Amino acid sequence: MTKIATAPIREHQRLLLMNCVETYLPLKGRDAEEYASVVSAQETPEIRAMQMTWADKIEAKGIVKGRREGRKEGREEGADRVRSTVIRLIGQRFGDVPAPLQKRLAAIRSVDRLSTIAGRIFEVQSIEELGLGG
């Protein structure tokens, strides 16, 4: 495995070699135990990466992609909640929130920006002072 891990070949070739070794030279019983102890004693990041099966790699990519999508959805949900709070607070402070202002607020995706606006609602004397245009 160390020779495969350090061979001057491309990653996909390394993975194919590793797959061949695991498929056509399966170890059983005492041999498998001995091999596992040798590998764990010499284990390197390269060997760990090679030992991942294709399914493991696909799953790992899926998990990373899922986390990325989850974070994006979380940011969007957070922005939606803060935006709703901003619209509600503006309504409480100044009355009806004009549709153009609601549209401008809908275009703001940053939770930080929306939070800043929310924090200023009770500091300003008019909607215009919030600096949202219009």
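I started with S84, which is partly exposed at a relative accessible area of 48%. (Buried means under 20% relative accessible area, exposed over 50%, and partly exposed in between, with a 1.4 Å probe and protein chains only.) A note on what I am reading: this is a predicted model, where local features need pLDDT of at least 70, side-chain atom pairs count only at pLDDT 80 or more, and totals for chains, interfaces and linings use all residues. Residues are numbered from 1 along each chain as its sequence is written, and side-chain values use heavy atoms, with hydrogens and water left out.

Next I looked up where S84 sits: in helix α5, residues 54–94. (Helices are DSSP runs of H or I with at least four residues, numbered from the N terminus.) I also checked S84 against L105: they are 21 residues apart in sequence and 9.3 Å apart in space, C-alpha to C-alpha.

Then I asked myself: which side chains meet in a salt bridge? I found D80 and R83, at 2.7 Å, N to O. (A salt bridge is a side-chain nitrogen of Lys or Arg within 4 Å of a carboxyl oxygen of Asp or Glu.) By this rule I count 1 salt bridge. Both residues lie in helix α5, 3 residues apart, about one turn of the helix. I noted that D80 is partly exposed at 40% relative accessibility, whereas R83 is buried at 8%.

Last, I turned to helix α2, residues 11–24. Its buried residues are R14, L15 and M18.

Definitions and conventions:
Helices (H or I, at least four residues) and strands (E, at least two) are DSSP runs, numbered from the N terminus. The expected span of a helix is 1.5 Å times one less than its number of residues.
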